[in-house]
Amino acid sequence: MNVSGATNTDSNSNILRLAESLRSRSSLQVVLESLIYGSVIVSGFVGNLLVLYIVYKSARLRNVPGLFIASLALSDIAIIALATPPSLLSLIKGNWVSTFAACQFQGFIVIVTVAASLQTMALMSVDRYFRVVHPTKHRLFFTMPRARLMAASVWILALAYPVPYLVTDKMFVFHPGKFFCFFVEEESLAADTIYVCIFYSIAVLTYCYINVYRHLRLNAKRVQGWRTNEVKPSTLNEKRVQGRFTQEIKTSTEDVKLTRTLFATVLGYLICWTPVLIIDFVEKGVGEWFLPRWVYVMYNDFGLSSSSLNPIIYGALNRTFRREYKKILCFRKLRYNKRDDKLKPQKLGIRRIITKKKKKGMNASEKPSIERQALHLADSFRHRSSFQVILESLIYASIAAVAFIGNLVVLYIVYKIPRLRNVPGLLVASLAISDIAMATFGAPPSLASLIRGRWVSTFAVCQFQGFVVITTVAASLQTMALMSVDRYFRVVHPINHRIFFTMSRARLMSASVWILAIMYPVPYLASGRKYIFHPGKFFCFHEVKMSFESCVIYICVCISLATLSFCYYNVFKHLRLNRNRVRNLRKEFSSRHEKERRVSAEDVKMTQTLFVTVLGYLICWTPVLIIDFVDMASDGWSLPRNVYVMYTDIGLISSSLNPIIYGALNRTFRREYKKIFCFKTLSRVNETSIFEQTNTVNLALAK
């Protein structure tokens, strides 16, 4: 009894120590750990999505190894998309922030995806074993239908891994050191079953790759002897073998390279997961969470790094992946005219514009003018000085970084503060999402082009960027229009506001805004037109030509602006009329009216804050619209390049302006900004919350 009690006391003290350590980190430590973990999440998610896209796109990878690579990428995407978000939130807030069901789901997903990854690698090793050691049997067993069946069986078996643990009435618990939900380390057959299956897969990996390596080493010596005539075939059978082997040297070389690539993925996986397994076995042997917290943080980061490592290995060791990565990420160079060292206009989309105008009877003097404008912008974009390139790139990158980080902080504050979980907070979050989408999907290709002096990505990326730019701008403007309507009803018609602007209806309105924003570019694309790269604005946009499809976009923009003007004009008119009346009747109000008046004052402040965001948006986008209308009126790119650079910078500034306005005019946002950016030490955990966490874990251990 004394030993058991002492063990329980030690376990409780370790739980308290880890929980308090997680909760009482400084803001700098919170930001640093969250950025590292978030960076691994983003790189793993994007990298494995690229792997899936390349396997789907490349015909050479639509085979058995490509199928297994895609299955491995799916398991990595699953663990990142389904398991890491709650851990990232817990890392930011310092405790488990979701529900008990979410904890059980996360623990289940972690074990399933890790098992699927390991078993897929074991299946890859078996495929390589038969392909190299027994090629005849490989053609028989590893056909595409059978490979699909094997991959599906791997996932079905992976789903069964956590079942023995769960059927014994045990549950996953939140580990404050590892900051995710995992099974309890204790002596039980259910927990040991998982480790037995893991080591069985590792044994298969080891056996297969040892035999593959031995066979390749023997064959390399044989082929080298035949090539140098050091070993001459004496019999007819050996001559036939030599001839067949000579014909298959190229194929065997490709198989060897692929085998090395897959072995490197296994090696990287084992390097990441070996310290993880060591820590698990140490905890299992001791039975307590006694290690320092930084060891557990390393545990989680190492385990997740294995999911982001495979795309890097494929790009480093496989020529097909490397070529596709260069097309997507490393940006192919544009062709140049060797005679005059000018950009060929068809790469900028200029040739198509000139051809269309020629069909409509363009004058001989008109053609050189349009082509000269485009080539002049491209040439000035290409031949900037190094100082100008650095200055423009730093300004643009700074604006994009402020927009991305600032709006992420806004989303975090809206999620964290209960007072902001209302209709205006929902619309503020929707506006922040549109700004994040612009900074995430629209800015990177433009920044790369600004650095390199030309469009550096593919045609598909250009079309995607043009679509995203128009969609996010439309979503921002329509969200602000919806904010103005909300303020109009809240101030002018408060009774109707309670009816129409409930949270459920506000979510439906916000979703409708995004659906309508996605429809903005559809008429232009449906007419067969494409987005083209503008060397002055350094991003892809619609053609400068005046058309009905282009006018539809500007008409919708004007409707939103008219809605904004009407609503805020009536709001401020109503507030001005009521101000004197409230002052005269203030002393006659009861305590109930005093409370209502305080709520009304908060509404007035919120209205002023949202109006300033609209005002800042209009200040930024008014010169943008003016420049667009000038280009459409002149039917060309007639303005100097500096004007177009200002055009893009001012448009992006509108995305970074809102978080600054919220901090300047709203006390709640200002207080949260100080907590996050001024690096104040977070408050210690109170004893009640610690003992609540301890009791929860103890109940889990008892079960």
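Colleague: Quick one to start: Asp 127 and Arg 128, are they buried or exposed?
Modeller: Asp 127 and Arg 128 are both buried, where buried means under 20% relative accessible area, exposed means over 50% and partly exposed lies in between, using a 1.4 Å probe and protein chains only. Please keep in mind that this is a predicted model, in which local features need pLDDT of at least 70 and side-chain atom pairs count only at pLDDT 80 or more, while totals for chains, interfaces and linings use all residues. Residues are numbered from 1 along each chain as its sequence is written, and side-chain values use heavy atoms, with hydrogens and water left out.

Colleague: OK, and what do the side chains of Asp 127 and Arg 128 meet in?
Modeller: They meet in a salt bridge with an N to O distance of 3.0 Å, a salt bridge being a side-chain nitrogen of Lys or Arg within 4 Å of a carboxyl oxygen of Asp or Glu. Side chains of opposite charge can pair in this way when their charged atoms come close.

Colleague: How many salt bridges does the structure hold?
Modeller: There are eight in the structure, and one of them joins the side chains of Lys 57 and Glu 324 at 3.6 Å, N to O. Lys 57 lies in helix 2 and Glu 324 in helix 12 (residues 319-330), so this pair ties together parts that are 267 residues apart in sequence. Helices (H or I, at least four residues) and strands (E, at least two) are DSSP runs, numbered from the N terminus.

Colleague: How accessible is Lys 57, and what about Glu 324?
Modeller: Lys 57 is partly exposed, with a relative accessible area of 39%, whereas Glu 324 has 6% and counts as buried.

Colleague: And which residue pairs with Arg 487?
Modeller: The side chain of Arg 487 meets that of Asp 486 in a salt bridge of 2.9 Å, N to O, and the relative accessibility is 2% for Arg 487, which counts as buried, and 1% for Asp 486, which is buried as well. Elsewhere, salt bridges that share partners join Arg 25, Glu 33 and Arg 293 into one network.

Colleague: Changing topic: how many disulfides does a search of the whole structure find?
Modeller: The search finds two disulfides, each being a pair of cysteine sulfur atoms within 2.5 Å. One is formed by Cys 103 and Cys 181, with their sulfur atoms 2.0 Å apart, and it links distant parts of the chain, since Cys 103 is in helix 4 (residues 100-133) and Cys 181 in strand 2 (residues 180-182), 78 residues apart.

Colleague: Why is the Cys 103 and Cys 181 disulfide called left-handed?
Modeller: The torsion about the S-S bond of Cys 103 and Cys 181 is about -120°, so the disulfide is left-handed.

Colleague: And where does the Cys 462 and Cys 540 pair lie?
Modeller: Cys 462 and Cys 540 form a disulfide with their sulfur atoms 2.0 Å apart. Cys 462 lies in helix 17 (residues 459-491) and Cys 540 in strand 6 (residues 539-541), so the pair ties together parts that are 78 residues apart in sequence. Both Cys 462 and Cys 540 are buried.
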